[in-house]
Amino acid sequence: MIGNARFDFIHFMHYTALPENQKEFPSLWVDFPNKYFDPVRGHELYQRYLSQLVLADKLGFDAVVVNEHHNTAYSMMPAPNLIAATLIPQVKNAKICVWGTPPNLEHPNRLAEEYAMLDVLSQGRLEVAFPLGTGMEYWSNSVNPATARERHRESIEIILQAWTQDGPTSYYGDFYTYRYLNPWPRPVQKPHPPCYIVGTGSPETIDLASKLGFGYASVFVTKQRARELNEELRRGAEQHGHHIRPDQLPLQVITYVAETEQKAREEAVEHIQYFFEDALRTTPTFLAPPGYLSVDQLKKRAALADKLHGVFSFENIEQAFFVAVGTADQVVEKLELWAEQMGTNHFVMFAAIGNMPNWKVVKNLSLIAQDVIPRVRATTPVHHRAAAE
Amino acid sequence: MANPFPAEFKREVHTINGVKTVVLTAGRGEPLVFLHGAGIWHGINFTKPWTEKYRVIVPFHPGFGESADDPSISEMHDYVMHYLDLFDALGIERMRLVGFSLGGCMAAKFAVEHGHRVERLVLVGPAGLRDKAHPGPDLFMLPPDKIPAMLVSNFDVIKPYLPEKPDLDFMGERYREGGMLARLLWEHPWDKKLPRYLHRLTMPTLLVWGEEDRLIPVQQSEIWRRYIPKADIQIFKGAGHLVLDEKREAVDAVQRFLS
């Protein structure tokens, strides 16, 4: 199953130069005052983060991944296409993944244009995801959360039409009208760059990915739930005549490799704690603006949040999510197990974690590249070997 | 928890444009229609005195309370059309119309278009107009658990209708109603065209407000009066947005005006 294993490096570009009183703010999203953004520190962080992404390419990672969030210290990438454009001349081999702009927060023709530009500039190395966007994005943009899903579906339809049909075409929808849909340039990759949906496991989102035959990556769901979602997607896609390949099921893993397990924990845990306690901190209201979730989903998530509520515990996080912190041997073992369980060969390494200093990120990426990637790539699972013989 | 809906009200279920619509009715006499606000959890016990003289009809708006969702409703005017159909189904030609908050906006819009069917109109703390000088909070920006206390002057009045501890079902119901409200009001929390048409409210019209209304400030009654030349205003001290729940005098004043 792991044949052709693929390793991506994902970056969230947190703004980490937070004020000392940051814990007093219930949310670092939506309404966290932007006076706390210092452009000088921002510049330093951009330089550092870009260099880490470029390093991943040099070390042999298969792809670099960026994404979009608004009004938040969680992310300095409200416009990830700008980051992607900055990366293209520096990232020579790796794919550039923009996972991505919620297409309903943009004019869909404009997003089709921008992604086509990136695909042409990178000579066909672009991959995109069409997230619905977190609840927080709807408090920060002028788009109605109650009709977000309908608008999301329609905007994806427009982008695919723009990419796959010779223009000019027309589109008359509930939210968008295009008399001349005829964007220049068009993407290099045919019929279009590989597409994914990224989500937190709403049935409506799985259903959409199934219909479109897109890849699906779940984020912030438990291991058990992620496994179910992959299963649901494979089954759902099958019903729509699509066969989902393992590489279409990216698995995001919080990864840190060091010389010993103890050292790995000592070096990584405080930053994982920062990620969950600080970077991700927001309110239930911001997470679920009105109409954004079905009532059923709201109740399920509220019940789960009650259960997870409490002080940070690395053991709980490690148990709930895909967390591989340890020696290279331990990390390889976990990745191979999860690949088998999840039916994937595509790992998205979350390796620049929280407020990790540069040296740790560089060390982590280097050890992953040197001691983890080649070994996982070399693995040929038993049942495949048997079939080959 | 107290029963928000008095036992003497009869529950009728109608299907309007394919959507289950629940209507509560009690009393005999000429029809008095009450259009509720965006949250109906506090119920309609205050309407009981009206049933002594009128056939009181309280429909749940689609998307609220016991009526089903209608995803095709996307703007306030869709409710005007819904009520045309419902009133036809109920055989109501002319009525006394009382609208509270969101229902006040609906009532005003219905009466603007179908004034000949409205004998007398009462708007209680109506939503719908933009008052730049006295804007009131954006309902969507209020934490849901803080909203009930903001609705009243005396919290004891509504306390019996609220769950004692956090309740997932109650939270889910409020979230459902909030989603419907977002469909109507997320982009534009008020109706910018309404001032242009309010002069058509030529029937006797009463504006009722709680002096301590923290959701839709009492000062907004003045702009309603500016646009509705013949409207009377009655303001009740010691009451918040839920003035009918809090002040029996307000309920009686409505009844006197309607008679």
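The following dialogue explains how selected features of this predicted model are read.

User: Which conventions apply to numbering and confidence?

Analyst: Residues are numbered from 1 along each chain as its sequence is written, and chains are lettered from A and ligands numbered from 1 in the order of writing. The model is predicted: local features need pLDDT of at least 70, side-chain atom pairs count only at pLDDT 80 or more, and totals for chains, interfaces and linings use all residues.

User: How many helices and strands are in chain A?

Analyst: Helices (H or I, at least four residues) and strands (E, at least two) are DSSP runs, numbered from the N terminus. Chain A has 14 helices and 11 strands. Its radius of gyration, taken over C-alpha atoms, is compared with the globule rule, 2.2 Å times the number of residues to the power 0.38. For chain A the value is 20 Å, close to the 21 Å that the rule gives for 389 residues, so the chain is as compact as a globular protein of that length. Along the principal axes, the C-alpha atoms of chain A fill a box of roughly 60 × 60 × 45 Å.

User: What percentage of the residues in chain A is buried?

Analyst: A residue is buried if 20 or more other C-beta atoms lie within 10 Å of its own, exposed if 12 or fewer, and partly exposed in between, with C-beta atoms placed from the backbone. Buried residues make up 48% of the 389 residues in chain A.

User: In what order do the strands of the nine-stranded sheet in chain A lie?

Analyst: Strands of a sheet pair through backbone hydrogen bonds, either parallel or antiparallel. Here two strands pair if DSSP finds at least two bridges between them. The open sheet of chain A has the order S8-S7-S4-S3-S2-S1-S11-S9-S10, with parallel pairing. Strands S8 (215-218) and S10 (323-326) of chain A stand at the edges, each with a single partner strand, so one side of each lacks a neighbour in the sheet. Within this sheet, S9 (residues 251-257) and S11 (residues 346-350) of chain A pair in the parallel sense over four bridges, and A:Val253 has A:Met349 in S11(A) as its bridge partner.

User: Which strands does helix H3 of chain A lie across?

Analyst: Contact means that C-beta atoms, placed from the backbone, lie within 7 Å. Axes are lines fitted to C-alpha atoms, for helices over the stretch in contact, and angles run from 0 to 180 degrees between N-to-C directions. Helix H3 (residues 108-121) of chain A lies across S3 (95-99) and S4 (126-129) of chain A, at about 155° to S4(A). Helix H6 (residues 203-212) of chain A touches S7 (195-199) and S8 of chain A, and its direction makes about 170° with that of S7(A).

User: Which strands of chain A does a hairpin of four residues join?

Analyst: That hairpin joins S5(A) to S6(A). Strands S5 (residues 169-172) and S6 (residues 177-181) of chain A run antiparallel and are joined by three bridges; A:Tyr171 is paired with A:Tyr178 in S6(A).

User: What is the strand order of the eight-stranded sheet in chain B?

Analyst: The open sheet of chain B has the order S1-S2-S4-S3-S5-S6-S7-S8, with mixed pairing. Its twist averages 20° from one strand to the next.

User: How many residues does each chain give to the contact?

Analyst: Chain A gives 12 residues and chain B gives 15 residues. On the side of chain A that touches chain B, helix H10 (residues 295-308) of chain A gives the most, with five residues.

Terms used: Contact = placed C-beta atoms within 7 Å.
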